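Hi,

Here is the model I promised to pass on.

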Amino acid sequence: MNTTNTAASQSLLEMIAADEQALLRIGDLARELLARHADLPLTGARLKYGSQIHLNAPTAEDVRAWAARLDAEVTEHTADPGYGPFRHTDVVTVIDGIRVHVWHCRVLSEAEAAAWRENRGRS
């Protein structure tokens, strides 16, 4: 192996090591959040590349409870991707440089969907 290939291989190995360390740090924060807020329900937790934690809450009210604990604002929006409107409730904050996203999404009932379509989100 020549010097150029050795240097390139070392650089790639350093990149992998840096990514591993970043994911370990993200995992540590996720575990800390789950332990510190064990009384708040979740249905899922995922570590995402790019310093992100995604936590899925069972209800919009649970997202609001997480927002209160994390001292962050809740956003809500409804969207229709073509097969029925969904109501999204989210809170996004950054803790120690890691983006934490707590979310819930549900399909609107037929009555809610009809009202939303009639108003197109104006209400």
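Below is what I found, going from the whole chain down to single residues.

Some housekeeping: this is a predicted model, so local features need pLDDT of at least 70 and side-chain atom pairs count only at pLDDT 80 or more, while totals for chains, interfaces and linings use all residues. Residues are numbered from 1 along each chain as its sequence is written, and side-chain values use heavy atoms, with hydrogens and water left out.

**Overall**

The protein chain has three helices and five strands, in the sequence pattern α-β-β-α-β-β-β-α. (Helices are DSSP runs of H or I with at least four residues, strands are runs of E with at least two, and both are numbered from the N terminus.) The radius of gyration is 20 Å, well over the 14 Å that the globule rule gives for 123 residues, so the chain is more spread out than a compact globule. That radius is taken over C-alpha atoms, and the rule is 2.2 Å times the number of residues to the power 0.38. Along the principal axes, the C-alpha atoms fill a box of roughly 70 × 35 × 20 Å. Of the 123 residues, 28% count as buried (under 20% relative accessible area; exposed is over 50%, partly exposed in between, with a 1.4 Å probe and protein chains only).

**The sheet**

Five strands make an open sheet with mixed pairing, ordered β1-β2-β5-β4-β3. Its edges are β1 (44-48) and β3 (74-79), each pairing on one side only. Pairing here takes at least two bridges found by DSSP between two strands. Strands β4 (residues 86-95) and β5 (residues 98-107) run antiparallel to each other over ten bridges, and Thr89 sits opposite His104 in β5. Val94 is also in β4 and is exposed, at 56% relative accessible area.

**The core**

The largest nonpolar core holds 16 residues, and Ile53, Val100 and Val102 have the most contacts inside it. By nonpolar core I mean buried Ala, Val, Leu, Ile, Met, Phe, Trp, Tyr and Cys residues joined through side-chain atoms within 4.5 Å. Elements giving two or more residues to this core are α1 (3-36), β2 (52-56), α2 (60-70) and β5. Leaving aside neighbours within four places in sequence, Ile53 is in contact (heavy atoms within 4.5 Å) with residues including Ile26, Leu29, Leu33, Leu47, Ile98 and Val100.

Cheers
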